[in-house]
Amino acid sequence: MTSATVCSNAYIVEGALGALPTVALIHPSGAELVVALRGATALAWRAPWGGREVRDLLDGYEAESELLAQEATRSGLMFPFANRIAAGAYTFDGATHHVPPAPGEIGTLHGFVRLQDWDVVPDADVDGPANGAVSVTLATCVRATDVAGYPFDLETRIRFELTEQTLDVTWSYRNVGQVAAPVTAGWHPYFRIPGHATIDALELHVPARATVATDARLIPLDGEAAREVRGVVGPLGLAGTALDTAFTDLVPDTDGRVRTRVLDPATGAGVEVWQERGNMHVYTGDGLGGRARTSIALEPVESLTNAFNRPDCAQQVRLEPGEGREFRFGARVVAPREG
């Protein structure tokens, strides 16, 4: 997938997925992250597994046609809104807007920067790994004339940092327009555990006190009715369990990070996804045809679905002119238990 053309950073190698350009971020350990510039979409995250061979932990797009069709929004960067907008309509500062579905999609969901081409930003770290990590930064802009129903101007950057066992992401964005804008972000990766053809033998651990109740369209119920108190979730066996569910009231560890894990209970090995705030949306992929339940989507998101239409999210999504925010999350290989 990668070519021999080297960018200014010695750890970034240019390549292509069909006709779409990619960059591969290569760590000295053999770990590798491959990202398509279309949507800044992570195609593969390969890391040493169990101290042995490098394995791919992302269930990403394997062909240009899949990425262009946005099949299952694999590793999609959801921005400037995450998940659904009910009927594609919202009202902000007294004006009602309608965002049409993306081409080929039946509902307005997952934003639209996943359809844009991003640029690689020159990185000052060209001589070697910093703190054991190599990194690549990509950037794009949203202009008021780009998409009907979203008349706002934003700039956004995403930085991927790779070590032998971790993939960390720092996503920053700023309102560069003259008026306030509604903005919220999320990531839509699918993870697979080596040695498991399906997720059925795995366990899910979500440090959340509540799940989000929705209607048949997967739109959260109004107000407090959306919050279903259940206590901290996990371990939850995935055999026979179908989820397209948001978890909220997340419980952080002492370092402030919330950690969701998918593990093989027999060995303790798996993948951990961390985030500093927001909600965690879990999708077990039951509606994905031949790829159903072969991987699991663990989606760190800043806010509830349909946040643009929720009074309880109004301040959370509001971004004043000149104001910026940062959303940090990532993933880590969980090693098997010793013995």
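This is a dialogue about terms used for a predicted model and the values behind them.

Trainee: What should I know about the numbering and the limits of this model?
Mentor: Residues are numbered from 1 along each chain as its sequence is written. The model is predicted, so local features need pLDDT of at least 70 and side-chain atom pairs pLDDT 80 or more, while totals for chains, interfaces and linings use all residues, and side-chain values use heavy atoms, without hydrogens and water.

Trainee: Why is the pair of tryptophan 45 and phenylalanine 191 called edge-to-face?
Mentor: Rings of Phe, Tyr and Trp (its six-membered ring) pair if their centres lie within 6.5 Å; planes under 30 degrees apart count as stacked, over 60 as edge-to-face and the rest as tilted. The centres of tryptophan 45 and phenylalanine 191 are 6.5 Å apart and the planes stand at 85°, so the pair is edge-to-face. By this rule the count comes to 13 aromatic pairs.

Trainee: Which parts of the chain does that pair tie together?
Mentor: Strands are DSSP runs of E with at least two residues, numbered from the N terminus. Tryptophan 45 lies in strand β5 (residues 41–48) and phenylalanine 191 in strand β16 (residues 190–191), so the pair ties together parts 146 residues apart in sequence.

Trainee: What makes the pair of tryptophan 187 and phenylalanine 329 stacked?
Mentor: The angle between the planes is 25°, and the limit for stacked is under 30 degrees. The centres are 5.4 Å apart. Tryptophan 187 is in strand β15 (residues 186–188) and phenylalanine 329 in strand β27 (residues 324–334), so this pair ties together parts 142 residues apart in sequence.

Trainee: Are these two residues buried or exposed?
Mentor: Buried means under 20% relative accessible area, exposed over 50%, and partly exposed in between, with a 1.4 Å probe and protein chains only. Tryptophan 187 has 1% relative accessibility and therefore counts as buried. Phenylalanine 329, at 0%, counts as buried as well. Tryptophan 45 and phenylalanine 191 are also buried.

Trainee: What makes arginine 257 a charge over a ring?
Mentor: The rule asks that NZ of Lys or CZ of Arg be within 6 Å of the ring centre and within 35 degrees of the ring normal. Arginine 257 lies over the face of tryptophan 274, at 3.5 Å from the ring centre. Arginine 74 lies over the face of tyrosine 190, with 4.6 Å to the ring centre.

Trainee: What is worth noting about the backbone at proline 80 and alanine 87?
Mentor: Most residues other than glycine have a negative phi, and most peptide bonds are trans. Phenylalanine 79 and proline 80 are joined by a cis peptide bond, with omega about 5°. Proline 80 is in the loop between β7 (76–78) and β8 (89–92). Alanine 87 lies in the loop between β7 and β8 and has a positive phi of about 60°.

Trainee: How do you know whether alanine 87 is buried or exposed?
Mentor: Its relative accessibility is 65%, so alanine 87 counts as exposed. Aspartate 93, in the loop between β8 and β9 (95–98), has a positive phi near 50°. Aspartate 93 counts as exposed because its relative accessibility is 53%.

Trainee: Why is strand β25 described as largely enclosed?
Mentor: Six of the six residues of β25 (residues 296–301) are buried, so the rest of the structure largely encloses it. Ile296, Leu298 and Pro300 on one side and Ala297, Glu299 and Val301 on the other are all buried.

Trainee: How do you know that strand β24 pairs with β25?
Mentor: Two strands pair if DSSP finds at least two bridges between them. Five bridges join β24 (residues 279–283) to β25, and the two run antiparallel. Two bridges join β16 to β25, also antiparallel. In β25, alanine 297 is the bridge partner of tyrosine 190, and tyrosine 283 stands opposite alanine 297 too.

Notes
Helix = DSSP H or I, 4+ residues; strand = E, 2+ residues; numbered from the N terminus.
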